[in-house]
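Subject: The structure to look through

Hi there,

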Amino acid sequence: MKVTVKSWTGVATWRWIANDDNCGICRMPFDSCCPDCKLPGDDCPLVWGACSHCFHIHCIVKWLHSQPQQQCPMCRQDWKFNNK
Amino acid sequence: MQVMSLKPRNVDFQEMWASLKETVAGVVALQAVERGVWNTRFSDVYALCVAHPEPLADRLYDETRNFLEEHVGGLLQRVQRSAPLESSDYNDGLLSRYVSAWHEYSQGVAYLNSLYSYLNLQHVKRQKVSDAEIIYGSSATVSCPEHDSRQLEVGELGLVTWERVLVRPLATALSSRLVAALNAARDSSPDPSTADTLRSAIHSTVHVQAFRVRAPLSLYVELVLEPFLAAASAHHSRRAAHLLAEGDVSHFMKYVLDGLERELSLARRFLHSSSIEAVRACYEQACVEAHLPALHADIERLLKEASAGSIERQDDLRRMYALLKPLGANAMRPLVDAAHQQAVRDGIALLDAEHPKDEAHSHFVQAMLSLHHKYSELFSDVFGGAQPFVGALDKACSAVVNRRWSGESCARAPELVARYCDALLRRRAADAEADDKLAAAIVVFKYVDDKDVFQKHYARALARRLIHQLSASMEQEEAMINRLKAACGYEFTNKLHRMFTDVAVSADLNAKFQQHLRDNNLTTNSGFFIQVLQAGAWPLGGAMAPLAPPAQLERPARLFEAFYRASFSGRRLAWLHHLCTGELRTKYTQRMYHLSGTTPQCALLLMFENADVVSAREARETLQVSEEAWSRHVKPLLDAGLLTAKGDLRLESPENDEGELALNLSFTCKRTRIKLTCAAAPPNQGTGTNSGTSSGETAHCDDDRKMYLQAALVRIMKQRKVLRHTELIQEVVSQARGSFAPSVAMIKKCIEALIDKQYLERAPGTLDTYSYLA
Ligand SMILES: [Zn+2]
Ligand SMILES: [Zn+2]
Ligand SMILES: [Zn+2]
């Protein structure tokens, strides 16, 4: 061996796998959290619907509570949580 | 002692008044009255007031008044004698005769008032109109007590009689003597007895009307205060003109202030306490206000010399402030403005002073701090730290901090202050005062207009420190973020906090990953540490640079990716190869060297396992390093002497590079630890967030500012529903102030954009009102 690896320090970024940059309900970017939260990430996660639309979990829960029908606010299909 | 009969009875008025009058004459002349006699007369007054069948109080009152008039008439003769009325010779005896008559009479009348207690209490009181009626004038006849003396108690009647019978005829004589005496007292203090006489005479004019509800000082004002002020004003004007003619402004101010003190002590000594302010105003009008142009003309020079350290000029400024302050904001404005300009001039000179180019950031912050310190001290010293000067200094610091050097499109302050902080936060224990210096830097930071630009520079430097572990201490980092938060609020430091949090979260994640490896009997054959950062919070560009690392480096990364995917659904991980660092040990050299470098650098060195020479083009293609990044990664290896170029090596145009890279097998170096650098990607590469220049930063900030303004506009309109244009602009400007100063043009553009996006509309039928569309 001419050269051996002693250690490696990796730097990576993570972002949500979402089909849009912004939450369709609060319009905040997914990189930051919903208006009710202060720190994005684990405390303010995203959820995906069966229709593949994606929102802050706090936003979609609030939305569903306020609506008579459980529909996706983007495509009006019936809302189902998709835990992919 | 005779027992007083309380029973009303018939009395002979003439007889009783004759004996009463004799006693009354004795009382007002302050002659001794025997106790028995006093008591008898006291009950006589009672007897007359309750006399049967008709009370004789009115008659008694009338007779008493007649007596008093006659008596005071006699006193007038005694006081005036042959003194000429027109004279103002205050030493001709008139004043002292007046004062002795006043002492005697005023005391006598006070005794008389108690002799007439019953009449005062039972008779006068009933007729006395309430104070409220006098003040509000519901009864016209009593609005002037002199016109119906029936309303007065006997003591008050005595005073009114004194005023009418004695003071009126002597008014001019008294007034001119008093004013002349006061004028003389200003220049040389009178002997105690003369002073006493003067003070007593003046205060008699107060005393004589003291019982009046309405205008109790009118006699004093007429005889003393007004004529005194008129004479004083003329005197002050002459003196001020004289002072200005004989010396400079310093001389003038000194003597004028001394004069003011003397004038006020004269007033305190002789005049009624309510007159002090009028005396001061009269003095200031004649000596200061009348000469404002002369005073103002010297301000700039005084400030210049005072700020250069002249103690005399600082004294002058202190006097200037003392003279101008009472005259109000308009008189002060030139001083405040000049103070502002002086600080600006000085600040620019300090910033422009010669300094080493690579110390620009500390020069800038130190210069601003010394400017701030110098003028805070000076202004608090000479202007007592008064608010207008604190404001002038703030304005000056703000102007200097945000000044644009000629030819520059934006101020350099945001970048320089951020660099200053970076240098302090990096320094490893070398600067024991780093904490104090960072706290002081906040003073300068607060004046920076483009706080959002500062934030971008600061965030990038913080990212570098956190990723490469360059921070002197995490406590210090956190303390600084908290200082910024205290100055600008949570929103400003939100991303900084998130970066900070990511570092802690990453430590946790690494521990979990190591556990995961142990649990699954997996190993990485080298030390492995990873930082996982939230993409939105870190100012990191060029994230997607492709790289095919050799197996030694790839394996742990892949293991981690799998672990991460399983732990966090819905997240995509992207490696930042230019920030990943590896540490290698060399085995082919005589000594073992520890090399640290970027992933591509490590990968390149690992390619020499089976060959001593590799083709540059092949190497790049195998590693899949982008053309643009190739030279930045490879050049440091050549510079360090680890690799040598063979043939026609063209790092800058790797597509047609026919050269080769050779491992330097006889590499030697004094140090055993070698850190390979890698320049940051040049600006306008990738997403642009990694651009390094100020103008790039500002351009990027413009987009952020528009986003910020639009969000603020929506927030405001959502709450207010309908708002006029000017109010909306004001509201937005005040919300943005913490991070930047938005231009009205930019706000207007944002409003238009929101109208296009149908968040807002112009309220129907109005020109300047917007309404929110839900
Ligand atoms: Zn949302
Ligand atoms: Zn939330
Ligand atoms: Zn949907």
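The radius of gyration used here is taken over C-alpha atoms, and the globule rule puts it at 2.2 Å times the number of residues to the power 0.38. Please keep in mind that this is a predicted model.

**Chain A as a whole**

With that rule, a compact globule of 84 residues would have a radius of gyration near 12 Å, whereas chain A has 18 Å. Its C-alpha atoms fill a box of roughly 70 × 25 × 15 Å along the principal axes. Chain A contains one helix and four strands, and from the N terminus on these elements come in the order β-β-β-α-β. Buried residues make up 45% of the 84 residues of chain A. As for its surface, chain A exposes about 4,500 Å², and carbon and sulfur atoms supply 49% of that.

Which residues hold the zinc ion (ligand 1)? The protein donors are A:Cys23 (SG), A:Cys26 (SG), A:His56 (ND1) and A:Cys59 (SG), at 2.2 to 2.3 Å from the ion. The angles among these four donor atoms run from 97 to 122°, and the site is tetrahedral. Along the sequence, the donor residues of ligand 1 are spaced C-x2-C-x29-H-x2-C. Both A:Cys23 and A:Cys26 are buried.

Now look at the zinc ion (ligand 3). Its donors are A:Cys51 (SG), A:His53 (ND1), A:Cys72 (SG) and A:Cys75 (SG), lying at 2.0 to 2.4 Å. Here the angles between the four donor atoms are 107 to 112°, so the arrangement is tetrahedral. For reference, the ideal angle for four tetrahedral donors is 109.5 degrees. The spacing of the donors of ligand 3 along the chain is C-x1-H-x18-C-x2-C. A:His53 sits in the loop between β2 (46-49) and β3 (54-56) of chain A, while A:Cys72 sits in the loop between α1 (57-66) and β4 (81-82), so this pair ties together parts that are 19 residues apart in sequence.

Are these two residues buried or exposed? A:His53 has a relative accessible area of 21%, so it is partly exposed; the cut-off for buried is under 20%. A:Cys72, at 0% relative accessibility, counts as buried.

One more residue in that part of chain A deserves a look. A:Ser52 is in the loop between β2 and β3, and its phi is near 80°, a positive value in a residue other than glycine. Most residues other than glycine have a negative phi. A:Ser52 is partly exposed, with 38% relative accessibility.

**Chain B as a whole**

Chain B has 28 helices and eleven strands. Its radius of gyration is 47 Å, well over the 28 Å that the globule rule gives for 774 residues, so chain B is more spread out than a compact globule. The C-alpha atoms of chain B fill a box of roughly 150 × 65 × 60 Å along the principal axes. Of its 774 residues, 49% are buried. Among contacts between residues at least 6 apart in sequence, 71% join residues at least 24 apart.

Start with helix α3 (residues 57-80) of chain B. At 1.5 Å a residue, its 24 residues should span 34 Å, and the end C-alpha atoms are 34 Å apart, so the two values agree. The buried residues of this helix include B:Leu60, B:Phe67, B:His71 and B:Leu75. Just after the helix, B:Arg81 takes a positive phi of about 45°. In the loop between α2 (35-49) and α3 you will find B:Pro53, which is joined to B:His52 by a cis peptide bond with omega of about 5°. Most peptide bonds are trans.

Then move to the loop between α8 (192-207) and α9 (218-246), where B:Phe211 lies. B:Phe211 is partly exposed, with a relative accessible area of 24%. Leaving aside neighbours within four places in sequence, B:Phe211 is in contact with B:Leu152, B:Glu156, B:Leu159 and B:Val160. B:Ala215 is also found in the loop between α8 and α9. Its phi is positive, about 45°, although B:Ala215 is not a glycine.

Enjoy exploring!

Key:
Residues numbered from 1 in each chain as written. Chains lettered and ligands numbered in written order. Predicted model: local features only at pLDDT ≥ 70, side-chain atom pairs only at ≥ 80, totals over all residues. Heavy atoms only, no water. Helix = DSSP H or I, 4+ residues; strand = E, 2+ residues; numbered from the N terminus. Expected span 1.5 Å × (residues − 1). Buried < 20%, exposed > 50% of the residue type's maximum accessible area, 1.4 Å probe, protein only. Donors = N, O, S within 2.8 Å, 3.2 Å for Na, K, Ca; no water. Tetrahedral: all angles 85-135°; square planar, octahedral: opposite > 155°, others 65-115°. Contact = heavy atoms within 4.5 Å. Areas by Shrake-Rupley, 256 points an atom, 1.4 Å probe, with all protein chains shown as cover.
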